[in-house]
Amino acid sequence: MKFSIAEESHVGRRPSNQDRLGHWRTEAALLLVVADGMGGHANGDYAAELAVRYAAALFRREATPRLADPAGFLRAACLGAHVALLQEEQALGLADTPRTTVVAGVVQDGWVHWAHVGDSRLYLLRGGEVQARTVDHTLAQELVDAGWLPAAEIRGHPDRNRLLQCLGGLDTPRVDAVGLARLETNDVLLLCTDGLWEPVLDRQLAAGLDKRPLGPALAGLARLARERAGAECDNVSALALTWDEPTADARGVDPGPRLVPIEDAEAPATPDPDILRAMLADPDSDLARMRRTLPDPQEAP
């Protein structure tokens, strides 16, 4: 696979950066993940760290070197992290479950598969235009879907950040379909938190990453988001990929983009205990260090 990747993550005007992101690859598959810990609940940074690390650990185990079922993998990564957060609440005696959004993409065999929970987004950009993007799980988006709010007004709506789904919430998130599209040469994938997409219009994101060196272009968009948000600037995080492979022949196959239902989407998903143990086994890992700062259940009143 031939591609270029750039990352940006900034604290903005918040006390700390609760966003997390990362990418992992084998010779045949690539995983991209961005998570935005929810500041309205305690330990959002821990939730985001766990979600990203759980997806990475599952990818390292399942991609040998290809994922047998990318859609099933994405569902398992999201729902496994969700249940793991609920288990951490119980194990650590937390007053509330740490919560986070997540968006993840898998690139394999010239296709991109994606899934999300919350309002962190994935964009597929082509020729300076938005070819596809995720649809937020928010109250404002629900108003748009019902025809009560113009889509152009979603950025300024007071309910734009009221999440209807997240990892670690009271309800199990719905991951019953994945996005799917054949990648073409010079396509750009952008995964980002709302700290980037809220201040910067979709068309500006697409134009800003079109036919420009990826690293400086992404840094420029992150800077623009911080400038526009001003004193209210949230954490700003983004992961972008430019696809450098020749466009594959897709004759006889719908190249997308489209949503594809996940088979057996009603089946419960549980975190793999071996993965969870391995994630916390290294005492010097970021996740283990963060966990040590959380309350000890034996000290709880």
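Which strands each supply at least two residues of the lining of the second largest pocket? They are β5 (111-117), β7 (129-133), β8 (177-182) and β11 (258-261). Helices (H or I, at least four residues) and strands (E, at least two) are DSSP runs, numbered from the N terminus. The model is predicted, so local features need pLDDT of at least 70 and side-chain atom pairs count only at pLDDT 80 or more, while totals for chains, interfaces and linings use all residues. Residues are numbered from 1 along each chain as its sequence is written, and side-chain values use heavy atoms, with hydrogens and water left out.

Pockets and cavities were located on a 1 Å grid over the protein atoms alone. A pocket is an open set of points with protein on both sides within 12 Å along at least five of seven lines. A cavity is a set of points where a 1.4 Å probe fits but cannot get out. Lining residues have an atom within 4 Å of a point. Grid points are joined across faces, edges and corners, and a volume is the space filled by probe spheres set on the points.

The second largest pocket has a volume of about 360 Å³. It is lined by 18 residues, of which H116, V135, H137, A177 and L259 are the closest to its centre. By class, nine residues of this lining are nonpolar, five polar and four charged. Here Ala, Val, Leu, Ile, Met, Phe, Trp, Tyr, Cys and Pro count as nonpolar, Asp, Glu, Lys and Arg as charged, and the others, Gly among them, as polar.

The largest pocket has a volume of about 590 Å³. Of its 26 lining residues, R14, D36, N161, D194 and D234 are the closest to the centre. Strand β3 (29-37) and helices α4 (194-197) and α6 (214-229) each supply at least two residues of the lining. This lining divides into six nonpolar, ten polar and ten charged residues.

The structure holds one cavity of 30 Å³ or more. The largest cavity has a volume of about 60 Å³. Its lining divides into twelve nonpolar, no polar and no charged residues. Among them are L31, V33, A51, F73, C78, V102 and L167. The elements that give two or more residues are β3, α1, α2 and β4 (100-108). Helix α2 gives the most, with five residues.

F73, one of the residues lining this cavity, also takes part in an aromatic pair. Rings of Phe, Tyr and Trp (its six-membered ring) pair if their centres lie within 6.5 Å; planes under 30 degrees apart count as stacked, over 60 as edge-to-face and the rest as tilted. By this rule the count comes to one aromatic pair. The ring centres of F59 and F73 are 6.1 Å apart and the planes stand at 70 degrees, so the pair is edge-to-face. F59 belongs to helix α1 (residues 44-62) and F73 to helix α2 (residues 70-92), 14 residues apart. Buried means under 20% relative accessible area, exposed over 50%, partly exposed in between (1.4 Å probe, protein chains only).

A charge sits over a ring if NZ of Lys or CZ of Arg is within 6 Å of the ring centre and within 35 degrees of the ring normal. R121 lies over the face of W197, at 3.5 Å from the ring centre.

Two strands pair if DSSP finds at least two bridges between them. Seven bridges join β2 to β3, which run antiparallel. A hairpin connects these two strands through three residues. H23 has L32 of β3 as its bridge partner. Five of the seven residues of β2 (residues 19-25) are buried, so the strand is largely enclosed by the rest of the structure. Strands β3 and β4 are antiparallel and joined by nine bridges. D36 has T101 of β4 as its bridge partner. Nine of the nine residues of β4 are buried. T100, V102, A104, V106 and Q108 lie on one side of β4, and T101, V103, G105 and V107 on the other. Strands β4 and β5 pair in the antiparallel sense over seven bridges, with G105 opposite W114 in β5. Their hairpin has two residues between the strands, and D109 takes a positive phi near 55 degrees.

C233 is found in the loop between α6 and β10 (236-243). C233 is buried, with a relative accessible area of 2%.
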